[in-house]
Amino acid sequence: MDSILDSLQASLVVDTPEAPAPGPPEFLNTVLGALPEGTKPGTSPLEALDSPDPERPYVTLTFAQSLDAKIAGKNGLQLILSGEESMKMTHWMRTMHDGIMIGIGTASNDNPQLNVRHLPFPSQNTHFRHYHHPRPLILDANLRISPKCKLITNASLGAGVPPWVITARPQKIDGFWASEGEEDTVDAWDARKATLEKAGVKLISDPDLPSANTDLPLPEVLRALRAEGIRSVMVEGGARVIQSFLSSSSSPGFVDTLVVTVAPRDRGCARHRLCRWTGAYTRAASLEDGGDGQGYRGWDESRFLNVEFVFSAGRVYDLVSISFLCVSKAENEHVMSWS
Ligand SMILES: NC(=O)C1=CN([C@@H]2O[C@H](COP(=O)(O)OP(=O)(O)OC[C@H]3O[C@@H](n4cnc5c(N)ncnc54)[C@H](O)[C@@H]3O)[C@@H](O)[C@H]2O)C=CC1
Ligand SMILES: Nc1nc(O)c(N)c(N[C@@H]2O[C@H](COP(=O)(O)O)[C@@H](O)[C@H]2O)n1
């Protein structure tokens, strides 16, 4: 009897497949590199992200665009182009880098948090302590950033990494101010600097960074960040910063990897159209996906199809993989493929 019960019991032992541990989509591991075995995904930046130039950090440029290469709505209105899965992918990618860079246009317009709140909530620890959060880095020559922005207030509440602002104090040229009233400008700049520092912001104002009204020179910015220990940077935008990095991509260029989310809709603002990018996009889209499971797949709750593709500018816009997925559930799980 016992043996009958034993064999009955044995036959009732069902192999319950364990839910896969949450982690970045496989294509990110393939393109950017995986964490050493035994490391919990999302808890530390990737050591594997090694810049080809030891004087600057590794640069991943990433953004979301509409089919017609626009990244914002009318008057720069923030557009949520990414669906749920794509947003999660972006947040995983944030955990993989030391720093996350935006321009002051995005900081003022979007008031972003640049955290990883879309990742699954761990059972222990607080969300903020569990994951690696990249250091927010803001390109802001004139110190226009508001001390009340979310990046600064979150950090002051212990719920974010204090941002660094990359800036350049106006300087005299050959002993003269560039224009009348410039001295007052410098006083105002110094006052804003004091306010920001009091709010916990660190200013990166390398002497090599020339005084600039608008755009800071990327080689010096990247060099200064590397000197501060930033080994990898994820550049998120906005339009002007993306254009600066794409324009830098003639040899040798600063973009090591490019990850773009394309939402299949034409809805954006002409001012934020990424003209230069359209050509590369057409080229990428003309390649075949292959549907071999290498790509990033996930069901998107949004109404729109999302397409992700990745290529490495380090290899002159060579396509590493097109990853995509699709689909609006409302559209009968229609799968789109590139051909
Ligand atoms: N769809 C997406 O993935 C994203 C969209 N956006 C959108 O982009 C828009 C903001 O874009 P922009 O107004 O162009 O602002 P931006 O965020 O590109 O900042 C540009 C400003 O940064 C400063 N800057 C300093 N050094 C620079 C350099 N080397 N190159 C470029 N800028 C430098 C200048 O003051 C410049 O005006 C917003 O509407 C935002 O919603 C922003 C990020 C991502
Ligand atoms: N991945 C992605 N998809 C979109 O549709 C977007 N609009 C953006 N924008 C970028 O993300 C920032 C907002 O970050 P938080 O949600 O506040 O953490 C925004 O400022 C852009 O840089 N990205």
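**Ligand sites and salt bridges**

I start at Glu236, where a polar side-chain atom sits 3.1 Å from an oxygen atom of ligand 2. Please keep in mind that this is a predicted model. Ligand 2 has 520 Å² of accessible area on its own, and the protein covers 88% of it. Helix H3, residues 84-95, and helix H4 are the elements that give two or more residues to the shell around this ligand.

There are two further polar contacts to mention for ligand 2. Thr90 places a polar side-chain atom 3.2 Å from a nitrogen atom of the ligand. At Leu114 the contact comes from the backbone, with an N or O atom 3.0 Å from an oxygen atom of ligand 2. In total, 16 residues surround ligand 2, and the closest are Leu79, Leu81, Ser82, Gln113 and Arg117. Sorted by class, that shell holds six nonpolar, six polar and four charged residues.

Back to Glu236, which also has a protein partner. Which residue forms a salt bridge with Glu236? That is Arg94, and the closest N and O atoms are 2.7 Å apart. Glu236 belongs to strand E6 and Arg94 to helix H3, so this pair joins distant parts of the chain, 142 residues apart. Is Arg94 buried or exposed? Its relative accessible area is 7%, and because the cut-off for buried is under 20%, Arg94 counts as buried.

Now ligand 1. Its shell has 26 residues, and the closest are Ala64, Gly76, Thr106, Leu216 and Ser244. A polar backbone atom of Ala64 is 2.8 Å from an oxygen atom of ligand 1, and a polar backbone atom of Leu216 is 2.8 Å from a nitrogen atom of ligand 1. A side chain takes part as well: Asp215 has a polar side-chain atom 3.4 Å from a nitrogen atom of ligand 1. Taken alone, ligand 1 exposes 850 Å², of which the protein buries 89%.

Which elements supply at least two residues each to the shell around ligand 1? They are strand E1 (58-66), helix H4 (104-110), strand E6 (232-237) and helix H9 (239-247). H4 gives the most, with five residues. By class, the shell around ligand 1 divides into eleven nonpolar, eleven polar and four charged residues.

That leaves the other salt bridges. The count for the model is eight. One of them is between Asp190 and Arg169, at 2.8 Å from N to O. Asp190 lies in helix H7, residues 182-198, while Arg169 lies in the loop between strand E4 (164-166) and H7, so the bridge ties together parts that are 21 residues apart in sequence. Both side chains belong to partly exposed residues: Asp190 has a relative accessible area of 27%, and Arg169 has 35%.

Another bridge joins Arg223 and Glu220, with the closest N and O atoms 3.8 Å apart. Arg223 is partly exposed at 35% relative accessible area, and Glu220 is partly exposed at 22%.

Last, there is a network of salt bridges that links Glu47, Asp98 and Arg231. I will stop there and take questions.

Key:
Residues numbered from 1 in each chain as written. Chains lettered and ligands numbered in written order. Predicted model: local features only at pLDDT ≥ 70, side-chain atom pairs only at ≥ 80, totals over all residues. Heavy atoms only, no water. Near = heavy atom within 4 Å. Polar contact = N/O pair within 3.5 Å; in protein donor to acceptor, adjacent residues only side chain to side chain. Areas by Shrake-Rupley, 256 points an atom, 1.4 Å probe, with all protein chains shown as cover. Helix = DSSP H or I, 4+ residues; strand = E, 2+ residues; numbered from the N terminus. Nonpolar A, V, L, I, M, F, W, Y, C, P; charged D, E, K, R; others polar. Salt bridge = Lys/Arg side-chain N within 4 Å of Asp/Glu carboxyl O. Buried < 20%, exposed > 50% of the residue type's maximum accessible area, 1.4 Å probe, protein only.
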